[in-house]
Amino acid sequence: MLDNGLVMIGIILLINVVYVSFFTIRMILTLKNQRYLAAFISVFEVVIYVIGLGLVLDNLDKIQNLIAYALGYGLGVLVGMKIEEKLALGYITVNVITTDITAGLPNAIRSKGYGVTDWMASGREGQRLMMEILTSRKSESNLYETVKAMDPKAFIISHEPKAFHGGFWVKSIRR
């Protein structure tokens with residue numbers, strides 16, 4: 001079966017897509033401090049890597065195998081990113097700045113289940129309402145849609161917090 005050139009290309013391509021997808025997920029888990037799960041995934045990752053690299057090195061005389069390896073790597077990055085996007089691990093902090101001070105936005109967002117801390121701020125063109133909202137990454141797009149529906153002109157920016165301490169959210173965040 002491995003003597004067939006197209007089959008070999010397909011196998012190398014598939015192996016590298018799977019390998020790089022595992023690599024991407026392991027890296028993200030490592031960054032999210034999920035070290036045991038990352039270590040477990042790395043066992044499979046390295047086995048797949050060695051098999052794929054071995055196939056290419058055993059057949060270096062065929063340039064199409066090297067091309068399949070490189071294309072598989074690139075596709076693996078895209079697949080890994082898509083998987084991570086679907087997993088949506090962790091939490092984000094979303095900062096919302098609005099000029100709509102009297103609309104009751106913080107309470108409306110709280111009623112949707114989000115924790116909101118709000119305060120008045122000064123911008124170049126006057127008073128602003130500033131809100132800081134902590135949410136899971138899985139709820140990120142729903143939060144953006146909620147805010148945009150209430151104030152289409154709101155300025156929204158998000159970042160990923162590294163550590164949590166205190167507050168009502170900490171009790172529900174799994175470590």
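This is a predicted model: local features need pLDDT of at least 70, side-chain atom pairs count only at pLDDT 80 or more; totals for chains, interfaces and linings use all residues.
Two packed helices are described by the angle between their axes and the distance between the axes. In the model, helix H1 spans residues 5–31 and helix H3 spans residues 63–87. The axes of these two helices come within 6 Å and cross at roughly 35°, and the crossing is right-handed. Of the residues that make up the contact of H1 with H3, 18 are nonpolar, eight are polar and one is charged.

An unreviewed UniProt entry carries the annotation "domain: DUF5698" for residues 24–81. In the model, the chain over residues 24–81 is 88% helix and 0% strand.

Aromatic side chains were examined next. A pair of aromatic rings is described by the distance of the centres and the angle of the planes. Four aromatic pairs were found in a search of the whole structure. One of them is formed by tyrosine 19 and tyrosine 49, whose ring centres are 5.0 Å apart and whose planes make an angle of 40°, a tilted arrangement. Tyrosine 19 lies in helix H1 and tyrosine 49 in helix H2 (residues 35–58), so this pair ties together parts that are 30 residues apart in sequence. Tyrosine 19 has a relative accessible area of 10% and is therefore buried, the cut-off being under 20%. Tyrosine 49, with a relative accessible area of 29%, is partly exposed. Both tyrosines belong to one aromatic cluster, which is formed by Tyr19, Phe23, Tyr49 and Tyr73.

Helix H1 also contains arginine 26. The relative accessibility of arginine 26 is 18%, so this residue counts as buried. The arginine 26 side chain makes a polar contact with the side chain of glutamate 45, at 2.5 Å.

A polar atom of the threonine 98 side chain lies 3.0 Å from the backbone nitrogen of aspartate 100.

Technical notes
Residues are numbered from 1 along each chain as its sequence is written. Side-chain values use heavy atoms; hydrogens and water are left out. Axes are lines fitted to C-alpha atoms, for helices over the stretch in contact, and angles run from 0 to 180 degrees between N-to-C directions. Helices (H or I, at least four residues) and strands (E, at least two) are DSSP runs, numbered from the N terminus. A crossing is left-handed if the near helix is turned anticlockwise from the far one by less than a right angle, and right-handed if clockwise. Ala, Val, Leu, Ile, Met, Phe, Trp, Tyr, Cys and Pro count as nonpolar, Asp, Glu, Lys and Arg as charged, and the others, Gly among them, as polar. UniProt positions are given in the numbering used here, feature names are shortened, and annotations may be inferred rather than shown by experiment. Rings of Phe, Tyr and Trp (its six-membered ring) pair if their centres lie within 6.5 Å; planes under 30 degrees apart count as stacked, over 60 as edge-to-face and the rest as tilted. Buried means under 20% relative accessible area, exposed over 50%, partly exposed in between (1.4 Å probe, protein chains only). A polar contact is a pair of N or O atoms within 3.5 Å; within protein, one must be able to donate a hydrogen and the other to accept it, and residues adjacent in sequence count only if both atoms are side-chain atoms.
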